[in-house]
Amino acid sequence: MSSQLRVAVVQFAPKVSTHFLGDENSNHNRTSSTLKLGQVQANIAKARELCNGYAASRTIDLLCFPEMFFSGYVFPDTATITPYLEHPHTGPTATFCAELARSLECFVAAGYPEKLEPHEHAPPLGGNSLSFHQPRIGANSAFMYGPTGERIGAYRKTNLYKLDLPWAVPGSGFTTMTLPHPLGPTTLAICNDLNVQDPAVWESLEEGPYELAQHCIRSGTRLLILLNAWLHPDEDGEVSDSDSADCTTSEQKEGTDEMEPSWEVINYWAMRLNPLWATIQEATHENEKKPGECRIPNELLVLVCNRFGNEGGSVFAGSSALMSLRRGSGRPRLLQMMGQREEGVGFWTANIPGQ
């Protein structure tokens, strides 16, 4: 038994304002550098405009926005991000998502920088950089709102990226929500959660480790949502040139059109979920069911919502995508994708297996 799951991802380049900062290394002959910070209300207005066309039809089950989409992502330290930290229930992202979920009568997921309560603050990490000498008072977070506008789930990024470290406290681990059909067991994760978590190191394609994929196996996840601010391959050494998860054709690889997706990025996302589609021989030790674990679905859908644009010297990769990963198939299946710099709402449908 299967049914149609209707999903939408919002992808554009968030607006940022340029701020000029003095060089703190000298009180004389001060040079200025620039810092681009998000225009939260302008970005929310843009998102509302893009989603307006779906309000009347109510044809979406799930709508997603990327990681820290409205605030922007690049903040060098705690002091810089403090004005952008949001209350998890009453902040601008929460207010907008609750309103949109009610209007569209669907689930809405979004990333935002969360303002933590004082007892949740963490001491500075310390080190050579001045950025690491300020207390960490926020979290790189996400939440989900239901069709009546109620907040039904939340998550804090577990595997922090280097740009998160100066100000963010890591989450306590992955979590899976049980949502009504057709969504079912759904895991919400954020960007670098896909990568190896310190202090672990990458061993091999067969051994991983694959922390997020293993969580999906243990929890019986049928839908994995990744809210990303993933960098373009030219900006971030994390992206591999491995073709082991190749979803492309040779003609697709040769394309350089910015309305084409970044095949390197999409292949990397799929490769980091290897246990969910690897051949049976490769995946046996990953997929063995242990007592107390949920039944492992034969197929899992992965919805990746990413942004594009330039911010703080970083270039983001766009290329939001919907993939189907079937156990033992030996190859991930790319169902839908957006271009590297394609603006708009990707509205996609897919068959999702019944529970």
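**Exercise 1. Get an overview of the chain: how many helices and strands does the chain have, and what share of its residues is buried?**

Solution. Start with the secondary structure: there are 7 helices and 16 strands. Next, turn to burial, where buried means under 20% relative accessible area. Of the 355 residues in the chain, 54% are buried. Finally, take the contacts between residues at least 6 apart in sequence: 74% of them join residues at least 24 apart.

**Exercise 2. Check the length of helix H1, then find which of its residues are buried and which are exposed.**

Solution. Helix H1 covers residues 40-51, which is 12 residues. At 1.5 Å a residue, H1 should span 16 Å, and this agrees with the 17 Å between its end C-alpha atoms. Now for burial: Val40, Asn43, Ile44, Ala47 and Cys51 are the buried residues of H1. Viewed down the axis of H1, these buried residues fall within an arc of 100°, so they line one face of the helix. Gln41 and Glu49, on the other side of H1, are exposed.

**Exercise 3. Decide where to read the model with care: over which residues is the pLDDT below 50?**

Solution. Begin with the whole chain: the average pLDDT is 86, and 82% of the residues score at least 70. Over residues 22-32, however, the pLDDT is below 50, and this stretch has 8 contacts beyond near neighbours in sequence. Residues 248-255 also stay under 50, with 8 contacts beyond four places in sequence. Where pLDDT is low, the predicted coordinates should not be read in detail.

Methods: Residues are numbered from 1 along each chain as its sequence is written. This is a predicted model: local features need pLDDT of at least 70, side-chain atom pairs count only at pLDDT 80 or more; totals for chains, interfaces and linings use all residues. Side-chain values use heavy atoms; hydrogens and water are left out. Helices (H or I, at least four residues) and strands (E, at least two) are DSSP runs, numbered from the N terminus. Buried means under 20% relative accessible area, exposed over 50%, partly exposed in between (1.4 Å probe, protein chains only). Contact means heavy atoms within 4.5 Å. The expected span of a helix is 1.5 Å times one less than its number of residues. The arc is that of the directions from the helix axis to the C-beta atoms. pLDDT is the predictor's confidence in each residue, from 0 to 100.
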